[in-house]
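Here is a short briefing on the model shown below.

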Amino acid sequence: MTVILGQTFTGISIGAVLLLIALGLSLTFGQMNVINMAHGEFIMAGAYTTYVLQKSITSAGLSLLVALPVAFLVAGALGALLEWLLIRRLYLRPLDTLLVTWGVSLMLQQLARDIFGAPNVQTRAPDLLTGNITLIGGDDPLTVANSRLFILGLAIAAVVALSLTLRLTPLGRRIRGVVQNRDLAEVSGISTERVDRTAFFIGSGLAGIAGVALTLVGPIGPTMGTNIIIDAFLVIVVGGIGQLKGTVIVAFVLGVLQSVLEYSTTVSVAKVLVLVGIVAFLQWRPQGLYTLRTRSLV
Amino acid sequence: MAAAAAALAAAVALSACGAKTDAGGSSDKAAKADTSGDTVKVGLLNSLSGTMAISEVTVRDSLKLAIDEINAKGGVLGKKIQPISEDGASDWPTFAEKASKLIREDRVVATFGCWTSASRKAVKPVFEKNKSLLFYPVQYEGLEESPYIFYTGATTNQQIVPGLDYLKSQGKKSIYLVGSDYVFPRTANKIIKAYAKANGMKVLGEDYAPLGSTEFSTIANKVKASKADAVFNTLNGDSNVAFFKEYKSAGLTAASMPVVSVSIAEEEVKSIGSQYLAGQLTAWNYYQTTAGAANAEFVKAYKAKYGQDKPTSDPMEAAYTSVYLWKAMVEKAKSFDPEKVKAASDGITFDAPEGKVTVDGASQHIYKTARIGKIGTDGLIEQVWDSGKAIKPDPYLKGYDWASGLS
């Protein structure tokens, strides 16, 4: 029993990491049809920000707290810069954005290698986050890692903040308007250009937050983004493009599925089974779990 | 006329082929090492860029230290050694290409280097074809011998088997195997399973993560649920960081379930962080803390040359030793000729930092002392056990009945 509970929690924590990564991607993909391959490098930027901050702030706990907003700003600024320099010239050409952002991602990786060196680096986690909490005691105890709880909390906070922004703020209304019908929004007096840039800033900033979370799990290196970006794309495609609800549900379902299968088989077999499941699901529901009701004619 | 033209064309084509074969390898003249001048060239072949650079640059530095020391004392057979350093760039075809360049263009008398088994397998045919010598300084999975390679790192019976013997002596009856998904861990685990079967030890599980993988929460849960007495870790590189973070988060400690690692040395401990590793075990032949005057001198010289904060490690020590062993072989043979050097190799000894080592001419491996160490909070590794004497190398594990089915 505790094994099942333990694996479920592990799955939820893997899902939380996936969710943090997919959240920003879902926003930019959903709104602007931009396949942003450089999203993974924004995650890397957030992780390296944590690393740099830790060099000047000796308290690991404090530096982690400072890193969250700073990483959001750094990755967000990189995103806004990318949007301003390249992406806005490529609207309505999603395949071209794929190639261009892929090139940018390779350049950013090389830049990181030049600045921080080829070997991966580490950060120190605050003592509070290296331990674990025992939920069920006894012979067969169920423990959960504090760092995983922290990441889960971070993912929930990000979802809540994003969802409130989209629902309640004027910016959120404008974003939703642009997603539903770009042309109508434009003629209604909404500056879609500005909305796009802001949305891209927020989406990339969320990648920075994901980067901070990943420093608690593993090493920081130039290629860390590419390793996880594919999983994030799977989450948003299966969840339904641009659908927050779908992204959240699918991230957790895939996380739990992966961890439960991994427990009963091996890492590689679990990956294959999850991919087979996704292919089967997309045969049945090509549009993903949730679809957007749109007023567009096409 | 047409027939004549065809014959001519064929002749040209044939001679072109001939020229190509000549340049490509078998001609003895072109490949012959150049020993005419006051200096002799040796090749240093290491990854100075790419994913392996972190480890291999330290080996290159260590090789240079040995060469400098030998040159300061007059060189080898009255000739100074001139190192030619090439970058294998963590890319196996590049290794093969650079090996060929060192032998054929620089006409080196011997080459020192390589780290991964993949790079060694890539250059092996190049050295064999050109009849030139390679000195390979890293522990590996065994089951190999080449007439033109000297192996100065440990083979399995000098590292993995003693690691298992140590666990057995500590009363550990069950183990869990965790490794990266490629040739070294899979081969090593085959050997470990055969050992366990013969020694009444239970293998409770075996998990491989893709090389470079950083998601270890499920593997940590499986290890924990298995309640094994110990873990044998053949993970390579950065995966170790994620694995040990998750291990600690899962509440597992060196006291409750010790991990024996065979790929974590001082340099890696420094980058993973000793707070995650303190108390865990490693199996090697040398540590920076290994006692003895030869090691004190080596550590002092290395730090003086490269910086006080630089640790020394097992592969660095094996590389340093390999240069001195080559020197001793050349002096005994009174020649740089690879065949004469090989013939003179049996029984050559050197007072290495790890202790006295002896070359076994038959397998071209060396006798090495096995050492189990415990990682300290300061990032250094303290020896907790050693084999007492240097162990005879046995790359094919012929001396072990339980290993008879392995290949």
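**Nonpolar patch**

Strand 1 of chain A gives the most to the nonpolar patch, with three residues. The model is predicted: local features need pLDDT of at least 70, side-chain atom pairs count only at pLDDT 80 or more, and totals for chains, interfaces and linings use all residues. Side-chain values use heavy atoms, without hydrogens and water.

- The patch covers about 660 Å² and is made by M1(A), I4(A), L5(A), I133(A), L135(A), I136(A) and L149(A).
- Patch residues have over 30% relative accessible area and no salt bridge, and nonpolar side chains (Val, Leu, Ile, Met, Phe, Trp, Tyr) are joined within 5 Å.
- Areas come from the Shrake-Rupley method with a 1.4 Å probe, and for residues only the protein chains shown count as cover.
- Helix 1 (2–32) and strand 1 (132–136) of chain A each supply at least two residues.
- Helices (H or I, at least four residues) and strands (E, at least two) are DSSP runs, numbered from the N terminus.

**Helix 7 of chain B**

- This helix (residues 183–198) has 16 residues and reaches 23 Å from its first C-alpha to its last.
- That is close to the 22 Å expected at 1.5 Å a residue, taken as 1.5 Å times one less than the number of residues.
- G200(B) follows the helix, with a positive phi near 65 degrees.

**Interface**

- Chain B puts 29 residues into the contact and chain A 32, with contact meaning heavy atoms within 4.5 Å.
- Two salt bridges are counted between the chains (side-chain nitrogen of Lys or Arg within 4 Å of a carboxyl oxygen of Asp or Glu).
- R148(A) and E246(B) meet in a salt bridge at 2.7 Å, N to O.

Technical notes:
Residues numbered from 1 in each chain as written. Chains lettered and ligands numbered in written order. Patch = residues over 30% accessible without salt bridge, like charges linked within 9 Å, V, L, I, M, F, W, Y side chains within 5 Å.
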